[in-house]
Amino acid sequence: MNTQKSSLELSHFPVMLSEVIKFSSSSKGGIFLDCTFGGGGYSKALLKYSKTKVISFDRDTAVKKIAEKLEKKYPNRFKFYQLKFSQINEIIKEQVDTVIFDLGLSSIQLNNLSRGFSFKSKEKLDMKMGLSSISAQDVINNLSEKQLRLIIKILGEEKEASKIAKNIVRARADKKITKVNELVKIIEKSKKKIFSKKINPSTKTFQALRIFVNKEITELINGIVNATKLLRPGGKILIVSFHSIEDKVIKYFFTNYAKNKSNPSRYLPADSLNKNYLFENYNKKIIKPSDEELKENNPSRSAKLRFAIRSNNDFIYPSDIFEKFKKYLNVESIYV
Ligand SMILES: C[S@@+](CC[C@H](N)C(=O)[O-])C[C@H]1O[C@@H](n2cnc3c(N)ncnc32)[C@H](O)[C@@H]1O
């Protein structure tokens, strides 16, 4: 068996790997769901423990080759599905011990300039992670100025969203915007001249488009709700996130449905308090990458790991979370 890593596998650095392995109690074994397979860094590390069974998901077809190699190596302990993680409950019918999410893009996606995620690209405006029905080019050329402003403002948290949206609409009246560098030019022209040295002026608009094209907040909320439904009592859900909207959602879910929250859901009758929490006490602790990791992999700097432990209570559907984040869900449901 060829155990050498391919250049595809080597191109993604698994963020906070030792922390994820430690907090997921992988040495004890059990059934693990790796909802964001990527370069397979987490799945491989989990499979090193002989009592683990790992089921992985990724929406990106580009990682299938890495997963197939692993399926050959561990035919009885590893299985991969090319699906969105909001769909895990269509496949998994048994209770699981641990569910892991490592959100966002892999370097495999970012560094492939033809996918259009990087502002260094001069290729087509695509930004599809996989299994998305629209591309960034569809969004940029077909939505109204108001819709573009909303997407850039709400999903990108970009202060200059109005100006950027206006200039996109103006530019596309002359010629369809098809390439990444064309959009970058429009954004740079729209932003005030004083750019931060650390943050590229296109960062927030690109974040917004990527989130919109892949419906990332809708995926995240449905993914974590479905994962919680599958967890056994005492099982763990671990999430590595990279931007503030993701962290807001995760923090709210873990905090609001924890035993130490006084009122888990305003939709529940008062006498059901303390019977319906989904998680044990949650201490809001954020785990951050070590200094050694930051020296080795600068993109880890914005990573945050949070985890929660499933309570013994039956699953209740956490409707509040959809209500709480409807601002993002509504924007993501704009029809292109
Ligand atoms: C940061 S990478 C994961 C890297 C992985 N932990 C490793 O060690 O190599 C995130 C991966 O999640 C995938 N992904 C993002 N959102 C997804 C979703 N809703 N459903 C399935 N996969 C998703 C992306 O395609 C990408 O490959």
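Mentor: What follows is a discussion of salt bridges, a charged patch and backbone angles.

Mentor: This is a predicted model, in which local features need pLDDT of at least 70 and side-chain atom pairs count only at pLDDT 80 or more, while totals for chains, interfaces and linings use all residues. Residues are numbered from 1 along each chain as its sequence is written, and side-chain values use heavy atoms, with hydrogens and water left out.

Trainee: What makes the contact of Arg115 with Asp60 a salt bridge?

Mentor: The term requires a side-chain nitrogen of Lys or Arg within 4 Å of a carboxyl oxygen of Asp or Glu. For Arg115 and Asp60 the closest N and O atoms are 2.9 Å apart, so the pair meets that definition. Helices (H or I, at least four residues) and strands (E, at least two) are DSSP runs, numbered from the N terminus.

Trainee: Why is Arg115 called buried, and why is Asp60 called buried?

Mentor: Buried means under 20% relative accessible area, exposed means over 50%, and partly exposed is in between, with a 1.4 Å probe and protein chains only. The value for Arg115 is 13% and that for Asp60 is 2%, so both residues count as buried.

Trainee: How do you know that Glu157 and Lys248 form a salt bridge, and which parts of the chain do they link?

Mentor: Their N to O distance is 3.6 Å, which lies within the limit and therefore qualifies. The pair joins distant parts of the chain, with Glu157 in the loop between α8 (145-156) and α9 and Lys248 in helix α13 (residues 244-256), 91 residues apart. Glu157, at 30% relative accessible area, is partly exposed, and Lys248, at 38%, is partly exposed as well.

Trainee: What is the N to O distance for Glu158 and Lys191, and are these side chains buried or exposed?

Mentor: Glu158 and Lys191 meet in a salt bridge at 3.0 Å, N to O. Glu158 is in the loop between α8 and α9 and Lys191 in the loop between α10 and α11 (203-214), 33 residues apart. Glu158 has 3% relative accessibility and Lys191 has 15%, so both are buried. The structure holds 11 salt bridges, and Asp247, Lys304 and Arg306 are linked in a network of such bridges.

Trainee: Which residues gather in the patch of positive charge on the surface?

Mentor: The patch consists of Lys159, Lys163, Lys166, Arg170, Lys189, Lys192 and Lys204. Patches are made of residues with over 30% relative accessible area and no salt bridge, like charges being joined within 9 Å. Lys189, located in helix α10 (residues 180-190), has a relative accessible area of 61% and is therefore exposed. Helix α9 (residues 161-174) gives the most to the patch, with three residues.

Trainee: What makes the phi of Ser25 worth a remark?

Mentor: Most residues other than glycine have a negative phi, and most peptide bonds are trans. The phi of Ser25 is near 50 degrees, a positive value in a residue other than glycine. Ser25 is found in the loop between α2 (17-23) and β1 (30-34), and its 21% relative accessibility makes it partly exposed. Lys284 also has a positive phi, about 65 degrees, although it is not a glycine.

Key:
Patches are made of residues with over 30% relative accessible area and no salt bridge: like charges are joined within 9 Å, nonpolar side chains (Val, Leu, Ile, Met, Phe, Trp, Tyr) within 5 Å. Accessible areas come from the Shrake-Rupley method with a 1.4 Å probe; for residues, only the protein chains shown count as cover. Lys and Arg count as positive and Asp and Glu as negative; His and the chain ends are not counted. The place of a charge is taken as NZ of Lys, CZ of Arg, CG of Asp or CD of Glu.
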